[in-house]
Amino acid sequence: MADSDVTEKKRRFDSRDFDSISEFIIDTKDTRKKARKDMEQQWKEIDRQLAMTPNTDYKRGRSGQMKPGMAWMPERELPLQAQTLEILCADARRMLFPDNGPWFRAHGFMSDEYLRKVDLKSMIAGDENDVPSAINQDNVDKLIEGIIGDIHEQSGFFQQVDRFNAESFKYGTGVGRVRKAKKNVYIETARGMAKEQTLLPVFFATSIKDTYLDETPQYVMNEGFVVGPGTIFVKRQKLTDLVLAAQKGSGNPNQEDGGWMPSTLKDLQADNDGCVDVVRWEGDLVVERKTVDNMFIPGALVTVVISGGKPRIVKLSFRDKPFSSDVTQPYHLEHVNSPYGVGPLMKGEPLQAAASEMFCRLLQSAILNTEPPIRYDPDDPQFASTGGPIIEPRALWASSSAVEPMKIGDPQQLLQAYVTVCTHYADVTGMHAPRLGQQTVSHTTAYAKQQELSQGQVRTVDYANSLLDGAMSRILDMQFSYLQDVWGGERDIWVPDYGGYVRVFKDAIPKACVFEVFGSAGPSEQRARLQDQMAALQQVIQIDMLKRQTGQGKPLDLDILQKMILKGAGYADVDILFASSSASQAGPPQVGPGVPGASPEDAGTASTALQALAFGGGQGAGGPV
């Protein structure tokens with residue numbers, strides 16, 4: 001019997017197994033939801049603060065009616081949390097993605113078999129571009145970077161990362177998924193516009209409020225458990241949409257998008273809005289059985305629909321990749337066994353509530369001091385006829401009794417309390433005046449201002465570094481692993497380093513790749529590295545000059561030095577600049593360091609030429625020199 005037959009026999013389920021799986025998934029979801037009940041309440045409060053919706057519950061009774069004498073009280077919600085979220089997202093975007101230059105580097109696996117299959121010259125769309133004529137390691141790396149960059153542009157990758165970061169700042173944990181998605185492409189033909197669909201490995205952000213994480217990974221690492229984590233996603237979906245997806249989908253459970261069971265959707269009843277609750281499980285699963293041994297299913301993808309209070313499985317498949325599709329990034333972890341992080345807005349939530357309370361009380365006290373309650377003699381004939389004195393400027397009270405204003409509240413004390421709470425909020429979240437764009441005192445030096453701003457951003461810098469090492473690296477690895485699955489035929493991809501399009505076939509994608517993710521620090525680090533290289537080359541030239549003066553050693557090969565500088569600056573194919581010909585070899589002999597009779601002035605001239613070639617000789621990789 002073949003191994004596939006044994007596998008299919010082991011994975012054969014009956015109705016009792018399906019009921020057991022669906023009940024286990026729903027029970028697990030309810031257990032996880034109950035465990036984070038307090039956290040969800042805090043998330044709800046943060047959403048209210050971001051929407052700047054005042055909390056007026058204390059002004060109403062149990063029946064919801066306004067309490068007597070409280071309708072006049074002004075209610076305002078401060079924008080502290082909204083402002084903090086805006087600044088954090090902007091700073092994180094600036095730290096992750098530079099305005100110009102790459103934010104990651106790819107290093108593809110180039111084997112002999114790959115070199116036999118791929119001919120870069122036949123892949124170039126056009127002959128006039130300054131592109132390499134033969135493929136090498138640098139060409140493979142830039143090709144992968146161009147492909148991944150094209151996918152990011154088509155799928156709105158950077159906007160999804162912004163949403164991912166916002167979730168982490170708000171709720172402490174950012175959640176996203178990488179999956180294969182279809183994109184409509186419209187092509188103009190002789191018969192008109194034709195629509196085609198292309199598959200892309202896209203990343204999109206989801207909400208932690210609709211995701212229930214598993215604490216199993218920590219136990220697996222500490223205790224060596226076999227069963228891996230299972231992530232639960234919850235959403236509301238149109239029943240008609242679900243039925244259509246089941247009809248068009250595959251029934252093969254060995255496909256990640258397969259395993260549909262359309263028959264289980266026939267008698268489902270939608271709610272009043274036409275939707276049903278959908279619960280999706282992804283991860284290792286154990287099917288408990290009473291009569292036979294339990295079944296262990298690694299990498300299971302199960303979709304459960306709740307209709308009429310009863311769950312049922314409508315899709316069951318097996319993951320075709322050795323990793324789950326979800327990507328998580330906590331802002332800051334506080335507990336060993338909890339997968340949920342704590343974000344800056346969670347820390348600032350009680351202080352925002354206190355500041356809003358102080359601000360509202362300050363307004364109320366100011367109103368009471370401007371239009372104070374008064375005490376008068378109800379037996380006074382004048383007041384008895386008018387219903388009491390009217391408080392307004394230049395009011396005249398023709399009465400024999402005294403009118404006494406009542407002082408309620410102290411605006412000065414309330415203002416001091418309000419400023420204190422706002423200052424505490426700024427300390428907790430790091431939102432001080434320089435970070436918000438306000439000027440510091442005039443006598444502060446530029447260096448001191450920069451230091452003050454950097455100190456306020458240090459926590460965001462730590463988060464960005466953690467994000468680059470964690471979620472961003474994982475996303476790139478996952479997207480590359482899907483390339484071989486989604487790539488069909490040929491596609492023209494713009495490669496910025498070549499300044500032209502490259503026609504990419506499936507064979508042009510290597511089997512493996514390692515990504516170096518450095519964020520917005522990449523271009524500045526590259527410039528610093530080039531400066532270090534230039535300083536080292538100048539030292540080498542000076543030593544070579546001394547060697548030639550004493551008659552020792554061999555002269556430096558300046559062609560090799562030039563190629564090293566050009567490659568360090570990012571140029572892909574430098575050999576074309578050094579093509580040998582009879583014309584290029586003719587002319588007067590070159591003078592420089594390492595050449596007999598060279599003077600120190602000649603060495604300085606050669607050093608200056610090398611420096612100009614390294615820093616000013618190109619207009620970007622692949623440009624004119």
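Arg93 is partly exposed, with 30% relative accessible area, where partly exposed lies between buried (under 20%) and exposed (over 50%), using a 1.4 Å probe and protein chains only. The structure is a predicted model, in which local features need pLDDT of at least 70 and side-chain atom pairs count only at pLDDT 80 or more, while totals for chains, interfaces and linings use all residues. Residues are numbered from 1 along each chain as its sequence is written, and side-chain values use heavy atoms, with hydrogens and water left out.

**Salt bridges**

- The structure holds 23 salt bridges, each defined as a side-chain nitrogen of Lys or Arg within 4 Å of a carboxyl oxygen of Asp or Glu.
- Helices (H or I, at least four residues) and strands (E, at least two) are DSSP runs numbered from the N terminus.
- Asp162 is partly exposed, at 23% relative accessibility.
- A salt bridge also joins Asp214 and Arg32, at 3.2 Å from N to O.
- Asp214 lies in the loop between β4 (211-212) and α9 (216-223), and Arg32 in helix α2 (residues 15-35), so the bridge ties together parts that are 182 residues apart in sequence.
- Both partners are buried: Asp214 has a relative accessibility of 12%, and Arg32 has a relative accessible area of 11%.
- Lys347 forms a salt bridge with Glu334, with the closest N and O atoms 2.8 Å apart.
- Lys347 is in helix α11 (residues 344-370), whereas Glu334, 13 residues apart from it, is in the loop between β9 (326-330) and α11.
- Lys347 is partly exposed at 42% relative accessibility, and Glu334 is partly exposed at 39%.

**Nonpolar cores**

- The largest nonpolar core has 87 residues, and those with the most contacts inside it are Trp103, Ile147, Phe157, Val302, Met472 and Phe515. Such a core is a set of buried Ala, Val, Leu, Ile, Met, Phe, Trp, Tyr and Cys residues joined through side-chain atoms within 4.5 Å.
- Helix α14 (residues 446-486) supplies the largest share of this core, 12 residues.
- A second, separate core of 10 residues includes Leu242, Ala246, Leu268 and Val314.
- Beyond four places in sequence, Trp103 touches residues including Phe157, Met472 and Phe518, where contact means heavy atoms within 4.5 Å.

- Thr460 is found in helix α14 and is buried, at 1% relative accessibility.
- Leaving aside residues up to four places away in sequence, Thr460 touches Leu88, Asp91, Ala92, Met95 and Arg435.
- The 27 residues of α11 should span 39 Å at 1.5 Å a residue, which agrees with the 38 Å between its end C-alpha atoms. The expected span is 1.5 Å times one less than the number of residues.
- α11 bends by about 35° at Pro350, the bend being the angle between axes fitted to the seven residues ending there and the seven starting there.

**Confidence**

- The protein averages a pLDDT of 78, and 74% of the residues score at least 70; pLDDT is the predictor's confidence in each residue, from 0 to 100.
- Confidence is lowest in helix α1 (residues 3-10), at a mean of 42, and highest in β4, at 96.
- Over residues 580-625, pLDDT stays under 50.
- Where pLDDT is low, the predicted coordinates should not be read in detail.
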